[in-house]
Amino acid sequence: MNWIICFKKANNIGTWRLFTAHRPDFGHVFAVRYDPELDLWIRFECASQRFNFELLSESAADHLIYDMVENCICVEVHAVDASIYAPRWLYCVSFVKHIIGVRKPWVLTPYQLYCELIKKEHRIIFTKEQGEDDGIYVSPQPAAT
């Protein structure tokens, strides 16, 4: 099952801002996927105040796609079946790790999750070219040596 993992800026408060302040484009993470059988976009998010599980179509789906293109760094991921039995803190990163099957306990921040996904050669989507007005420019990843 393919997921789109979306990283975005967030106005974090409390101690979490200490972990994310040095990478402002990676303050929060959520997961999205399209279900062709239902013709709906599904958005899963663990926010500080609540869980959000949304089924989106028509104008709500258009707004989601606009937000993903304009305000997020998105990585397409194929989820693996990898059961995670150890207890975890429940916050945005651990929530997304459970969805996509990442079992690395040292991946704690959205940026660390992004680096792990890029290291596994998942594809960045919805990026713009340098100098374009729309979307977010993502610097090319250096080749692994």
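Buried means under 20% relative accessible area, exposed means over 50%, and partly exposed is in between, using a 1.4 Å probe and protein chains only. Keep that scale in mind as you click along.

This is a predicted model, in which local features need pLDDT of at least 70 and side-chain atom pairs count only at pLDDT 80 or more, while totals for chains, interfaces and linings use all residues. Residues are numbered from 1 along each chain as its sequence is written, and side-chain values use heavy atoms, with hydrogens and water left out.

**Stop one: strand β1**

Select residues 2–8, which form strand β1. Helices (H or I, at least four residues) and strands (E, at least two) are DSSP runs, numbered from the N terminus. Of the 7 residues of β1, 6 are buried, so this strand is largely enclosed by the rest of the structure.

Two strands pair if DSSP finds at least two bridges between them. Strand β5 (residues 72–78) pairs with β1 in the antiparallel sense over 7 bridges; look for Lys8 standing opposite Cys72 in β5. Strand β2 (residues 28–35) also runs antiparallel to β1, joined to it by 5 bridges. There, Phe7 has Val29 of β2 as its bridge partner. In a regular strand the side chains alternate between the two faces of the sheet.

**Stop two: from Lys8 to a helix**

A salt bridge here is a side-chain nitrogen of Lys or Arg within 4 Å of a carboxyl oxygen of Asp or Glu. Asp67 lies in helix α2 (residues 58–71) and Lys8 in strand β1, so the pair ties together parts that are 59 residues apart in sequence. Both Asp67 and Lys8 are buried. The structure holds 9 salt bridges, and two others are coming up.

**Stop three: strands β3 and β4**

Select Glu54 and Arg43, a salt bridge whose closest N and O atoms are 3.5 Å apart. Glu54 sits in strand β4 and Arg43 in strand β3 (residues 40–46), 11 residues apart, so this pair links distant parts of the chain. Glu54 is partly exposed at 32% relative accessible area, whereas Arg43 is buried at 12%.

Next, pick Asn52, also found in β4 (residues 51–56). Asn52 is buried, with a relative accessible area of 13%. Which residues does Asn52 touch, not counting those up to four places away in sequence? They are Arg43, Phe44, Glu45 and Ala47, where contact means heavy atoms within 4.5 Å.

**Stop four: around helix α4**

Move to Lys104 and Glu116, which form a salt bridge with closest N and O atoms 3.2 Å apart. Lys104 is in the loop between α3 (92–100) and α4 (110–119), and Glu116 is in helix α4, 12 residues apart. Lys104 is partly exposed at 22% relative accessibility, while Glu116 is buried at 6%.

**Last stop: the largest pocket**

Finish by selecting Asn12, Trp16, His28, Ala47 and Ser48, the closest to the centre of the largest pocket among its 15 lining residues. The pocket holds about 400 Å³ of space. On a 1 Å grid over the protein atoms alone, a pocket is an open set of points where a 1.4 Å probe fits, with protein on both sides within 12 Å along at least five of seven lines, and lining residues have an atom within 4 Å of a point.

Terms used. Grid points are joined across faces, edges and corners, and a volume is the space filled by probe spheres set on the points.
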